[in-house]
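I opened this notebook to go through one protein chain, from its overall make-up down to single side chains. The entries below keep to what I looked up.

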Amino acid sequence: MFACDLSFYIGFVVLFWWIQDQPLESIKRNYCRDRRDFRQAILSDRTVYLSIQNNHVTLLNKKLIDWLRYASTQQGGGTSSVGFFTGPRIRQPGPVTELDGSVSGDFFTVLCVGQGFTEDQWMNVHSFSLLRPWLLASDSVSNGNASAEAGGKAREYLGPPSLMTSLLSSSPSSRLQLSLSLSHSHSTDDRSEVDGSVVSMVSATSSSSRLLAPKERLREKAFQYCQRLIEQSDRKAQKRVDTELQKAVYRAFPCVKALYGRLSGDLGYARVLLPIAQFYLNHGELAAVECESVWKLVFGRFPAELFNEPYLTHELLRFTRLNLQHLQARVPQYTHTFPNLLKFLAWDSPAVVEDFVDLLPSLVTSGTAVELLHSLLDLPCLSATLILQLRLAFSPISEAGGRSHLSLEAFRNPSYRGLFLFLLRGEAGSGDTIARLSKLHELLVEAVDWPRVVQSAQAVPVLLHVYFNAVVTVANEKLLAQLISVLLERSSLLFNIPTYIKEIHRVFSCHLLRFCKLHPSLVVDQSHELLEFAGTTANVWLLGEYLSVTSDARCSVELITSCFESLEAVLALAKLASRSHDLIPRVSLFLSKLRSVSRGGPVVWCSSEDDLVAIVTRGEELCSLLKLPGVAQSVLTPPPSISDPRWHRDVNVALPYQLRILTGLTHLH
């Protein structure tokens with residue numbers, strides 16, 4: 001029987017119906033692939049709704065209402081029997097029943113029992129399994145709100161966790177009365193029910209709601225469905241396994257809470273506490289259980305004190321990766337725990353860098369972006385500090401000699417204690433960085449060749465690429481301007497590992513160009529700072545490319561001239577001169593000197609002879625081009641319609657129409 005086969009799992013689904021833990025797995029395996037894929041897409045990625053239009057959402061809301069509320073109450077798939085003297089006979093299916101064996105005359109739910117099930121009953125089960133993520137996502141898309149706000153609205157209608165907890169923890173009679181009182185505040189459908197059967201209090205108090213919008217009606221039906229499940233769960237089950245389940249559900253939280261209380265004080269049981277944290281993450285919201293102490297332990301004490309435990313590191317990071325969406329939605333302090341999580345990376349970068357490639361985007365928000373960038377750049381310093389912390393724990397008394405003697409003495413010195421405590425902080429929010437960063441680098445100069453420090457420095461460029469790819473999805477122009485200031489400031493404040501500094505500058509140049517390409521006005525806002533950072537060809541090209549009136553109307557001749565006087569790049573100078581014709585004589589003179597300089601033998605600023613020839617040739621071409629200022633401006637600064645044509649999307653030309661015809665023909669043949 002259906003209810004017996006899934007009794008344990010469905011029991012938790014009934015009481016914790018809005019948990020997104022892939023419920024009803026065995027049912028899903030028996031159903032067709034397209035519905036399985038659709039449900040999985042909803043549970044795994046809410047962005048699927050961005051491609052669904054409002055009329056599609058409305059249509060699916062109506063279908064979900066029908067599947068949830070109006071599924072058949074008759075069993076499906078009549079059974080056949082063969083008598084000794086007669087041929088095969090088809091036994092007519094009877095109505096579905098409750099767990100206590102009584103006939104279920106009300107609407108069908110996942111707790112109804114039957115020998116077989118109809119198509120609409122299967123759709124009822126699948127609709128219930130994806131109901132909560134659909135409510136959250138569809139409400140978020142239609143109203144343009146964040147998922148947390150959408151979840152708040154859904155919970156406001158369906159009842160807060162404390163309300164559901166009071167329903168679950170009270171006696172059956174009081175729950176029934178509370179359910180009856182709640183049903184008066186939510187109008188329900190007036191569709192008639194089957195006479196002569198057990199009718200729930202939900203149907204007994206129904207009234208018309210046809211005038212509500214489909215989205216509101218779906219919320220209402222979801223509320224009714226939950227009330228119905230609460231009533232069904234109070235019935236005395238006929239089978240022993242269901243009776244034991246009903247008792248176990250009420251005992252689960254007290255037992256888990258008692259176990260957590262006994263083990264949480266001993267970090268030796270840290271790996272045992274992770275499954276308990278999983279239980280709280282899955283069910284704590286609905287049961288209104290205080291979980292803050294759990295997360296302070298998991299993301300607080302564990303990384304701070306056990307960062308050098310490899311097995312715990314692996315299991316904690318795996319727990320975080322597997323529950324990433326739930327942590328972001330249900331643990332508000334998760335994104336502020338990155339200073340502690342980075343300790344795992346600082347201690348053993350090669351082993352966990354792949355984990356952080358997956359985790360880092362979830363830690364990037366508009367509120368944490370700046371501090372997280374500083375923390376990534378300070379990762380080698382954090383590695384050195386963790387090493388000193390452990391050495392101090394094993395040798396608290398100062399010893400003469402030793403390679404790390406000066407660093408260890410600085411770590412013990414109270415006057416420098418604040419610098420190290422900032423690196424060892426457990427949560428974000430105490431400040432983006434420290435004022436005496438250069439002093440900290442001096443104190444840790446002995447650590448530049450420590451293996452763990454070198455390994456963490458090698459991981460930073462990779463993670464910076466991940467960070468910048470994530471930050472452009474959450475940052476506005478104001479935040480990007482702030483990040484550019486950080487890049488320019490930190491370019492000269494990096495831990496003194498030569499290869500590390502070189503790689504970081506390369507990453508900075510790459511993404512600085514990307515930021516300015518997204519918002520060209522940033523070049524004007526940060527022009528003076530960019531000049532100080534214009535030590536590489538890419539950054540010089542950046543000024544030459546985007547310091548233009550076409551990018552920002554504030555770009556004046558005076559600003560172009562001031563940048564020109566600070567630069568010595570051939571193409572950038574030519575572009576600036578084409579926009580301010582007063583500079584053409586100076587650029588032409590500069591370009592004409594390139595050939596005479598190259599004839600004098602090797603030059604310091606170009607070690608490759610082939611590159612020098614290419615530069616001289618380009619200089620001669622640009623010098624000839626600047627003799628025609630009007631042509632030079634068109635060639636060096638073409639309008640966007642020429643440099644980035646989009647004729648295939650222009651509705652005013654025939655090309656899009658022709659492409660659509662060709663596409664249609666290819667689909668036909």
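What follows are my entries on this chain, which I read as a predicted model.

**Entry 1, the whole chain.** I began with secondary structure and found 37 helices and two strands in the protein chain. I then looked up burial, and 48% of the 669 residues count as buried. For contacts with a separation of 6 or more, I noted that 69% join residues 24 or more positions apart. The accessible surface comes to about 33,000 Å², and carbon and sulfur atoms account for 57% of that surface.

I took helix 27, residues 498-518, and asked what span its 21 residues should have.

How many disulfides does the chain have? The count comes to zero, where a pair of sulfur atoms would have to lie within 2.5 Å to qualify.

I counted 14 salt bridges. In one of them, arginine 228 pairs with glutamate 98, with the closest N and O atoms 2.8 Å apart. Arginine 228 lies in helix 12 (residues 214-233), whereas glutamate 98 lies in the loop between strand 2 (88-90) and helix 6 (119-129), so this pair ties together parts that are 130 residues apart in sequence. Glutamate 98 also meets arginine 235 in a salt bridge, at 3.6 Å from N to O. Here too the pair links distant parts of the chain, since arginine 235 sits in the loop between helix 12 and helix 13 (240-263), 137 residues from glutamate 98.

Are these side chains buried or exposed? Arginine 228 and glutamate 98 are both buried. For glutamate 98 I noted a relative accessibility of 3%, and arginine 235 also counts as buried, because its 17% falls under the 20% limit.

For a local case I looked up glutamate 409 and arginine 412, which form a salt bridge with the closest N and O atoms 2.9 Å apart. Both belong to helix 22 (residues 405-412), and because they are three residues apart there, about one helical turn separates them. The general point is that an α-helix has 3.6 residues a turn, so residues three or four places apart point the same way. Glutamate 409 is partly exposed at 27% relative accessible area, and arginine 412 is partly exposed at 22%.

Which residues make the nonpolar surface patch of about 260 Å²? They are Leu628, Val631 and Val635. Leucine 628 is placed in the loop between helix 34 (609-626) and helix 35 (629-636). I recorded leucine 628 as exposed because its relative accessibility is 52%, and exposed means over 50%.

Note on methods
Residues numbered from 1 in each chain as written. Predicted model: local features only at pLDDT ≥ 70, side-chain atom pairs only at ≥ 80, totals over all residues. Heavy atoms only, no water. Helix = DSSP H or I, 4+ residues; strand = E, 2+ residues; numbered from the N terminus. Buried < 20%, exposed > 50% of the residue type's maximum accessible area, 1.4 Å probe, protein only. Contact = heavy atoms within 4.5 Å. Areas by Shrake-Rupley, 256 points an atom, 1.4 Å probe, with all protein chains shown as cover. Patch = residues over 30% accessible without salt bridge, like charges linked within 9 Å, V, L, I, M, F, W, Y side chains within 5 Å. Salt bridge = Lys/Arg side-chain N within 4 Å of Asp/Glu carboxyl O. Expected span 1.5 Å × (residues − 1).
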